[in-house]
Structures are given as structure tokens and as C-alpha cells.
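Student: Can you walk me through this one? I'd like to go from the overall fold to the details.

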Amino acid sequence: MAEHTSSSITIEAAPADVMGVIADFARYPEWTGEVKEAEVLETDEAGRAEKVRLLLDAGAIKDDHTLAYTWTGGNEVSWTLVKSQMLRSLDGSYRLAAVGGGDRTEVTYQLTVDVKIPMLGMIKRKAEKVIIDRALAGLKKRVESGV
């Protein structure tokens with residue numbers, strides 16, 4: 001089993017509000033930094049994204065990839081790589097848990113990345129940590145700003 005990187009953050013908002021921002025792929029370029037374009041290719045019967053194309057520019061890593069999303073209830077979404085130019089795999093999830101009576105949310109982001117070019121495991125874990133930390137900080141700022 002591949003190693004993964006995980007981190008959590010508490011956001012001052014209800015889980016439904018946090019998931020609303022996570023599920024709004026069209027607005028990812030406004031708050032994620034690395035995502036320059038996001039296009040929902042397929043949706044499920046509830047209107048949630050099932051397949052999303054993302055154009056990523058993270059400095060040394062530039063990629064056009066497609067992810068397949070699986071929604072578990074209202075508090076978890078996971079994804080897996082469908083196709084990519086640079087990545088061999090990209091699996092991750094957001095898990096949300098209500099805290100403080102439900103007006104705050106603990107968000108846990110888990111990520112496993114494997115690139116097509118040779119890279120030391122330690123460097124991959126560091127890259128995953130940077131991606132996770134930036135994503136969680138951006139998500140917290142976006143949700144708490146109420147935009």
C-alpha cells in the first residue's frame with residue numbers, strides 16, 4: 001500500500017458550508033493558487049461532480065489531469081486519478097467532522113501522489129505536505145471569508 005500524507009485544520013463554519021466550497025470546482029482558481037482551471041466533465045444524479053479536469057501550475061509541476069470523485073454522505077469526498085501528463089497516481093480525500101456543537105468543522109485532507117518521473121519518497125511526502133497545507137489554508141480562508 002502506498003504511503004500517504006494527512007493533515008487537519010479546524011474551520012469556523014458548519015460542515016455543510018465547508019463542503020459547499022469544496023464541491024464548487026468552478027471557483028477553485030479563486031482560492032487554491034495552484035489550480036488555474038477547473039471543468040466539471042460529469043455529474044451524478046445529485047448534481048455533484050463525478051469527473052473533473054484540472055489545469056495545475058505548481059511551479060515545477062504543471063499538469064492537465066482528470067480526477068474521478070466519490071461522495072460519501074455530506075461529510076466526505078474522495079478522488080482518484082483518471083488521466084494525467086505528469087502523474088502516475090493522485091488519490092485523496094476530504095473528511096469533515098462537526099465540532100463545537102456543529103458551528104465548527106475539523107477538515108482532514110489525505111493525499112497520495114506518485115509522479116511519472118523518478119523521485120525520492122521523502123521528496124514526494126514533502127510535496128504532498130506542501131499541497132495539503134496550502135489547500136487547507138486556502139479552504140479555511142475561503143470559507144471563513146464568506147465569499
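Tutor: Let's take the fold, then the aromatic rings, then the pocket. This is a predicted model, where local features need pLDDT of at least 70, side-chain atom pairs count only at pLDDT 80 or more, and totals for chains, interfaces and linings use all residues. Residues are numbered from 1 along each chain as its sequence is written, and side-chain values use heavy atoms, with hydrogens and water left out.

Student: What order do the elements of the chain run in from the N terminus?

Tutor: They go β-α-α-β-β-β-β-β-β-α, which comes to 3 helices and 7 strands. Helices (H or I, at least four residues) and strands (E, at least two) are DSSP runs, numbered from the N terminus.

Student: How much of the chain is buried?

Tutor: Of the 147 residues, 39% are buried, meaning under 20% relative accessible area with a 1.4 Å probe, protein chains only.

Student: OK, rings now. How many aromatic pairs are there?

Tutor: The structure has 8. Rings of Phe, Tyr and Trp (its six-membered ring) pair if their centres lie within 6.5 Å; planes under 30 degrees apart count as stacked, over 60 as edge-to-face and the rest as tilted. Take tyrosine 69 and tryptophan 79: their ring centres are 5.8 Å apart and their planes sit at 45 degrees, so this pair is tilted. Tyrosine 69 is in strand β4 (residues 61–72) and tryptophan 79 in strand β5 (residues 76–83), so the pair ties together parts 10 residues apart in sequence.

Student: And how do tryptophan 79 and tyrosine 109 pair?

Tutor: Their centres are 5.6 Å apart with planes at 70 degrees, so that pair is edge-to-face. Tyrosine 109 belongs to strand β7 (residues 104–115) and tryptophan 79 to β5, so here the parts tied together are 30 residues apart in sequence.

Student: Is tyrosine 109 buried or exposed?

Tutor: Buried, with a relative accessible area of 7%. Tryptophan 79 counts as buried too, at 8%.

Student: Which residues form the aromatic cluster?

Tutor: Phe25, Tyr28, Trp31, Tyr69, Trp71, Trp79, Tyr94 and Tyr109 form one cluster.

Student: Switching topic: how much space lies in the largest pocket?

Tutor: About 630 Å³. On a 1 Å grid over the protein atoms alone, a pocket is an open set of points where a 1.4 Å probe fits, with protein on both sides within 12 Å along at least five of seven lines; lining residues have an atom within 4 Å of a point. Of the 27 lining residues, the closest to the centre are Glu34, Leu56, Tyr109, Leu111 and Ile131.

Student: Which element gives the most to that lining?

Tutor: α3, with 5 residues.

Note on methods. Buried < 20%, exposed > 50% of the residue type's maximum accessible area, 1.4 Å probe, protein only. Points joined across faces, edges and corners; volume = space filled by probe spheres on them.
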